[in-house]
Amino acid sequence: MRSLTNFAPSTFEERGAAVAFTTPVLAQTRVRKDSRDQLEVLVPNLSEGRGVYVVPWKSLPLAFPMTVHDRMLHDLIAKADGCSPDDIRKAVLEAARCGLAGGGAVTAAEAALSDDEDQRLLINYQLIVEALKAVGLESTEILKVGLTSAAGQKLTRDLMMKAAQRLALEPKELYGRIAELALMMEAIGLASSPKLARLRRLMRDLQGFRDSMTDWATDNVSEAAPIGGFCAEVAEHTVNHARNVIGQFDQAMASFEVLLRQWETKRPQIRKASSRLSWLLDGWEYLILLWNDALTQDRYTQDMAVHDIFRVIPLLPKDEGRADQSTLADKLTTSHKRSVRAYVDWRSGQLDVDLVMRIETIKGRAA
C-alpha cells in the first residue's frame, strides 16, 4: 500500500471507474491502470484522512476483509483486465447474477441485461430507419411486417440496397457503418426513441438528484448542509457536461446522411463522445439510489448519507472543468472535519453487516 496522497486527477482514466463492491469501506472505490498497465484500486478517505490509498488490485483482498460477492467481482475484473466503465459494468452484472449479493441484485442484473438487449434491437431498427429516411425511402412497411421476421428482413435488405446505391456505398459497407454506430450508441440511444436509453435515463435521474440535494441543503441547518450543497454543485457541473455531449450526438443524428457519407471522419468523434459520456456519468447511479433511499429515512440518516456520498462523489477531472473541484472538496473537508467522516470504522478489520445489507439492498435497485 502506497502512502496517502492528495488526489486531484487530470483525466477520467486517472480518476478510474467506480466498482460496485458491497464491502462498505470499498463501496464505489475506483479502479484504473498504473504506469505498468497493471490494475490498481483507489480507496479514499481512510481514517478521515485526505486523499486516497493506492492499492495494487491483486493485493486488495489481503488489505481489506471482503464479502464473498466482492471476491468474485474482484476475480472477474482481474480476468477481464479492462477498467472502463463499460468493462466494470459487465463484470458487476455477471457477479450480481450469481446471487451472492442477494435476490434483489439478481433480479436487477437480469432486468438490466434484458433492457440492454431490447435497446440493442431498438437502436439497430432506428438507425436503419434513419438511413432510409436520409435518402428519401419509406420504412413503415418494415414495422408492419416486423424487423425480425423473414419478410421484414428481406424488405430491409431490399431497401438498404437502394439506400446504399443512393449513398454511393457498397451495401456491406453501409451495414457495417450502421452496425458500428449502433454499438457506440446502444447506451445513449436517440432523442426520438420511445424509451430512453440507459445513459439518458441516468442523466435525467442526476438532474433529479441535483434538484433534490439543492432543496435539502437549502432547508437544512446541520453541519451537513454545506456538504450537500457541494454535492449538488458537482452534480450540476456533471449534468451540464453530459448535456453538451448528448447535444453533439443529437446534432450528428440530425444530419444522418452527412454522418454516413463522412463516416471515416465522424467515427472517431462519435467514439470519443460515447466514451466521454460513459465516464462523465460513471459512479452516479449508486449515489442517486443511496440518496433516494435516505430521503425516506430520518434526518440523521440523511446527514450520514450526504457524508457517504461526499466520500466517493465523482469529481470532474481538472481537464474537464473550469473549477478545481478537488481543491474545493479539500477545503470543505478541512472546515467540516468533524462531520465529513469515513464510511465505516475500517480499523476494526470487521465487516459491518448492517451496512453490507444496506448496500446490497441499494444494489438490488441498480441497473
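This is a predicted model: local features need pLDDT of at least 70, side-chain atom pairs count only at pLDDT 80 or more; totals for chains, interfaces and linings use all residues.
**Exercise 1.** Determine whether Gln28 is buried or exposed, and state where it lies.

*Solution.* Gln28 has 8% relative accessibility. Since buried means under 20%, Gln28 counts as buried. Gln28 is found in the loop between strand 1 and strand 2 (30-33). Its phi is positive, near 65 degrees.

**Exercise 2.** Describe the sheet of four strands and identify its edge strands.

*Solution.* The sheet is open, with the order 1-2-3-4 and antiparallel pairing. Strand 1 (17-18) and strand 4 (52-56) each pair on one side only, and they are the edge strands. Strand 3 (residues 39-44) runs antiparallel to strand 4 and is joined to it by five bridges. Pro44 has Val52 in strand 4 as its bridge partner.

**Exercise 3.** Classify the packing of helix 9 (residues 198-219) and helix 13 (residues 284-294).

*Solution.* The axes lie 10 Å apart, at an angle of about 45 degrees. The two helices are therefore oblique to each other, and their crossing is left-handed. Residues in contact include Leu202, Phe209 and Trp216 in helix 9, and Leu287, Ile288 and Trp291 in helix 13. The contact residues divide into nine nonpolar, one polar and two charged.

How values were computed
Residues are numbered from 1 along each chain as its sequence is written. Side-chain values use heavy atoms; hydrogens and water are left out. Axes are lines fitted to C-alpha atoms, for helices over the stretch in contact, and angles run from 0 to 180 degrees between N-to-C directions. Angles under 35 degrees count as roughly parallel, over 145 as roughly antiparallel, 65 to 115 as roughly perpendicular and the rest as oblique. A crossing is left-handed if the near helix is turned anticlockwise from the far one by less than a right angle, and right-handed if clockwise. Contact means heavy atoms within 4.5 Å. Ala, Val, Leu, Ile, Met, Phe, Trp, Tyr, Cys and Pro count as nonpolar, Asp, Glu, Lys and Arg as charged, and the others, Gly among them, as polar. Two strands pair if DSSP finds at least two bridges between them. Buried means under 20% relative accessible area, exposed over 50%, partly exposed in between (1.4 Å probe, protein chains only).
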